[in-house]
Amino acid sequence: MRTFVTLSACGTRLECAEHHPNLLATLEAHNYQVEFQCREGYCGSCRTRLVRGEVSYAETPLAFVQPGEILPCCCKAKGDIEIEILHL
């Protein structure tokens with residue numbers, strides 16, 4: 001089953017390939033540069049608003065994440081999602 005992430009600001013749909021280890025890799029594969037520092041969920045620089053859908057984390061991130069926010073550097077989409085990137 002194919003999974004897509006929709007960018008709420010422009011409506012663009014990006015396919016999440018199975019070989020992408022996380023959502024950040026998916027965004028980078030489609031030439032979207034998201035601010036990040038660690039790629040491990042420690043710093044929170046990539047904090048993004050989850051508009052619709054669910055994500056999963058292999059390990060609970062150490063960075064503080066408020067309700068409705070995700071860390072693309074260490075999560076994967078569980079089905080289709082929609083996000084609002086806070087820092088592009």
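Me: I'm looking at Thr6 in this model. Which residue is its bridge partner in β7?

Reply: In β7, Thr6 is bridged to Glu82. Keep in mind that this is a predicted model.

Me: How do strands of a sheet pair, and in what sense do β1 and β7 pair?

Reply: The general idea first: strands of a sheet pair through backbone hydrogen bonds, and the pairing is either parallel or antiparallel. Here, strand β1, residues 3-7, pairs with β7 in the parallel sense, over three bridges.

Me: Now I'd like the whole sheet. In what order do the strands come?

Reply: Read across the open sheet and you find five strands: β2-β1-β7-β3-β5, with mixed pairing. At the edges are β2 (13-16) and β5 (69-70), each of which pairs on one side only.

Me: Let's zoom in on Ile83. Where does it lie, and is it buried or exposed?

Reply: Ile83 belongs to strand β7, which covers residues 81-85. To read burial, check the relative accessible area: under 20% means buried. Ile83 has 0%, so it is buried.

Me: Which residues is Ile83 in contact with, beyond its neighbours within four places in sequence?

Reply: Among them are Val5, Thr6 and Leu7, along with Leu23, Leu27, Leu50, Val51 and Ile70. By comparison, look at Thr60: its C-alpha atom and that of Ile83 are separated by 20 Å, with the two residues 23 apart along the chain.

Me: And the rings? How many aromatic pairs are there?

Reply: Zero aromatic pairs are found in the structure. Do look at the charges over rings, though: the charged end of Arg13 sits over the ring of Phe4, 4.1 Å from its centre. Arg39 lies over the face of Phe36, 4.3 Å from the ring centre.

Technical notes. Residues are numbered from 1 along each chain as its sequence is written. This is a predicted model: local features need pLDDT of at least 70, side-chain atom pairs count only at pLDDT 80 or more; totals for chains, interfaces and linings use all residues. Side-chain values use heavy atoms; hydrogens and water are left out. Helices (H or I, at least four residues) and strands (E, at least two) are DSSP runs, numbered from the N terminus. Buried means under 20% relative accessible area, exposed over 50%, partly exposed in between (1.4 Å probe, protein chains only). Contact means heavy atoms within 4.5 Å. Rings of Phe, Tyr and Trp (its six-membered ring) pair if their centres lie within 6.5 Å; planes under 30 degrees apart count as stacked, over 60 as edge-to-face and the rest as tilted. A charge sits over a ring if NZ of Lys or CZ of Arg is within 6 Å of the ring centre and within 35 degrees of the ring normal. Two strands pair if DSSP finds at least two bridges between them.
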